[in-house]
Amino acid sequence: MDKNNNSLFYTCSLVEFISRQTKNKPKDIVEYLGNDLERIYNYQDVFHCEPIEKVADDFITRNNIPTGEFDNISACQYNVPDYWEIGEVFERLIEDNFAEENVFDGIRKVYSSWMVEKILNFNSDLYYQSREYLSECYKAGEIIIS
């Protein structure tokens, strides 16, 4: 898998956008999207030409994604990073830990991992940490304190 993978970046950003729109955890969005993950990944250059709101709405409707109760935004005491910023964090985490594997396996593994909750706690600064640090934490299975 290439570094700076535009398809992966767009896919992760759309997952984050849909998660915020529907108030579902990103791991649930990945599950709801199912095989559409591959469609998003493979045709991101086409989807990127449309407003992300329209693309998200189409996939929400197509996959019958219900409204949930997950809300990590209202509890945030600081500036909330946008969905592109968080998409990039997850893109890098997947690239750095699943370069030799199927990208969709990497997406599913990362989004179902313990680290998602930690990254999406916007009252911490974890999502701003270097990609190397995040990758090492992921591999260690815990937040590494130096």
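Predicted model: local features only at pLDDT ≥ 70, side-chain atom pairs only at ≥ 80, totals over all residues.
**Ground rules.** I number residues from 1 along each chain as its sequence is written.

**Entry 1: α6 and α7.** I looked up how helix α6 (residues 83-97) meets helix α7 (residues 103-111); their axes come within 9 Å and cross at roughly 120 degrees. Helices (H or I, at least four residues) and strands (E, at least two) are DSSP runs, numbered from the N terminus. Axes are lines fitted to C-alpha atoms, for helices over the stretch in contact, and the angles run from 0 to 180 degrees between N-to-C directions. I then listed the contact (heavy atoms within 4.5 Å). On the α6 side I found Phe90, Leu93 and Ile94, and on the α7 side Val103, Gly106, Ile107, Val110 and Tyr111.

**Entry 2: α2 and α7.** I next checked α2 against α7, and their axes are 8 Å apart at an angle of about 145 degrees. Pro26, Lys27 and Val30 of α2 make the contact with Ile107, Arg108 and Tyr111 of α7. I noted four nonpolar, no polar and two charged residues in the contact of α2 with α7.

**Entry 3: two buried residues in helices.** I looked up Glu16, which is in helix α1 (residues 6-22). Is Glu16 buried or exposed? Glu16 counts as buried because its relative accessibility is 2%; buried means under 20% relative accessible area, exposed over 50%, and partly exposed in between (1.4 Å probe, protein chains only). Leaving aside neighbours within four places in sequence, I found Glu16 in contact with Pro26, Tyr83, Ile86, Leu120 and Phe122.

I found Ile29 in helix α2. Ile29 has a relative accessible area of 0%, so I wrote it down as buried. Not counting residues up to four places away in sequence, Ile29 touches Val15, Ile18, Ser19, Thr22, Asn24 and Ile65. From Ile29 to Tyr43 I count 14 residues in sequence and 18 Å in space, C-alpha to C-alpha.

**Entry 4: residues in loops.** I checked Lys23 in the loop between α1 and α2. Lys23 is not a glycine, yet its phi is positive, about 60 degrees. Its relative accessible area is 34%, so Lys23 is partly exposed.

I then turned to Asn64, in the loop between α5 (52-62) and α6. Asn64 is not a glycine either, and its phi is positive at about 50 degrees. With a relative accessible area of 64%, Asn64 is exposed.

Ser113 lies in the loop between α7 and α8 (115-119). I recorded Ser113 as buried because its relative accessibility is 16%. Its C-alpha atom is 8.5 Å from that of Tyr138, 25 residues apart along the chain.

Technical notes. Heavy atoms only, no water. Nonpolar A, V, L, I, M, F, W, Y, C, P; charged D, E, K, R; others polar.
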